Amino acid sequence: MALRNIVKDGDPILEKRCRPVEKFDAKLHTLLDDMAETMHHANGVGLAAPQVGMLRRVVVIDISLEQNEVLELVNPKIIAFSGEQEGNEGCLSFPGQWGIVKRPEYVKVKAQNRFGEEFEAEGKGLLARAFCHEIDHLNGIVFKEVAERMLTKKEINQMNV
């Protein structure tokens, strides 16, 4: 495993739509492993492949406090959602920036694992938010585009992040 550089605000790759994964091979496994390590090192809860410079439909998410419950989503699609939540959202590609974003309270996704096997996963609250945020990345959408408003420096300082 290796740490990868996280693409930052202003890089045009963050605006591009990712291509589906067709090969479930050692190269994909390395990407998934590297993404998980990079996400944990940066204290993130999710990371999408374009954030490490790869235009592939690949996401890793870990909302556990122990940082050892990584959910790998290859070619994910949202297949159901309900409810609504509104809250602060940030992004590893936009360090120090936070916005108020509305997301569904519940989200169900269909994806493939690292071996190409299909599965479904569902989540509420933070996991639902992470599903939406990371899948948005795969479609070239960043949280700032869907934020109701961005937080001021004073508001961010009061968050203690």
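Start by selecting V45, which is partly exposed because its relative accessible area is 36%, a value that falls between the 20% limit for buried and the 50% limit for exposed. The model on your screen is a predicted one. V45 sits in the loop that runs between α1 (26–41) and β1 (46–48).

**Two asparagines**

Stay in the loop between α1 and β1 and select N43, which is found there.

Now select N75 in strand β3 (residues 71–82). N75 is not a glycine, yet its phi is positive, at about 55°. Is N75 buried or exposed? N75 counts as buried, with a relative accessibility of 14%; buried means under 20%.

**The open sheet**

Five strands form an open sheet, and their order is β1-β2-β3-β6-β7. The pairing in this sheet is antiparallel. Select β1 and β7 (118–124) to see the edge strands, each of which pairs on one side only. From one strand to the next, the twist averages 35°.

Next, select β3 together with strand β6 (residues 106–112). How many bridges join β3 and β6? There are six, and the two strands pair in the antiparallel sense. For one example, select A80 and look across to β6, where its bridge partner is K108.

**A pair of rings**

Select F94 and F143. By the rule used for ring pairs, the count comes to one aromatic pair. F94 and F143 form this aromatic pair, which is edge-to-face. The ring centres of F94 and F143 are 5.8 Å apart, and the angle between the planes is 75°. An angle over 60 degrees is what places a pair in the edge-to-face class.

Which parts of the chain does this pair tie together? F94 lies in the loop between β4 (85–90) and β5 (98–103), while F143 lies in helix α3 (residues 143–146), so the pair ties together parts that are 49 residues apart in sequence.

**Salt bridges**

Clear the selection and turn to the charged side chains. A search of the whole structure finds 11 salt bridges. Three of them are visited here, including the one between R103 and E89.

Select R103 and E89. The closest N and O atoms of this salt bridge are 2.7 Å apart. R103 lies in strand β5 and E89 in strand β4, so this pair ties together parts that are 14 residues apart in sequence. R103 counts as buried at 7% relative accessibility, and E89 counts as buried at 3%.

The side chains of E89 and R129 meet in a salt bridge of 2.5 Å, N to O. What does this pair tie together? E89 lies in strand β4 and R129 in helix α2 (residues 126–138), so the parts joined are 40 residues apart in sequence. R129 also counts as buried, with 7% relative accessibility.

Then select E155 and R149. These residues form a salt bridge in which the closest N and O atoms are 2.8 Å apart. E155 counts as partly exposed at 25% relative accessibility, and R149 is partly exposed with a relative accessible area of 41%.

For the last stop, select E89, R103, R129 and D136 at once. Salt bridges that share partners join these four residues into one network.

Methods:
Residues numbered from 1 in each chain as written. Predicted model: local features only at pLDDT ≥ 70, side-chain atom pairs only at ≥ 80, totals over all residues. Heavy atoms only, no water. Helix = DSSP H or I, 4+ residues; strand = E, 2+ residues; numbered from the N terminus. Buried < 20%, exposed > 50% of the residue type's maximum accessible area, 1.4 Å probe, protein only. Phe/Tyr/Trp six-rings, centres within 6.5 Å; stacked < 30°, edge-to-face > 60°. Pairing = 2+ DSSP bridges. Axes fitted to C-alpha atoms, helices over the stretch in contact; angles between N-to-C directions.
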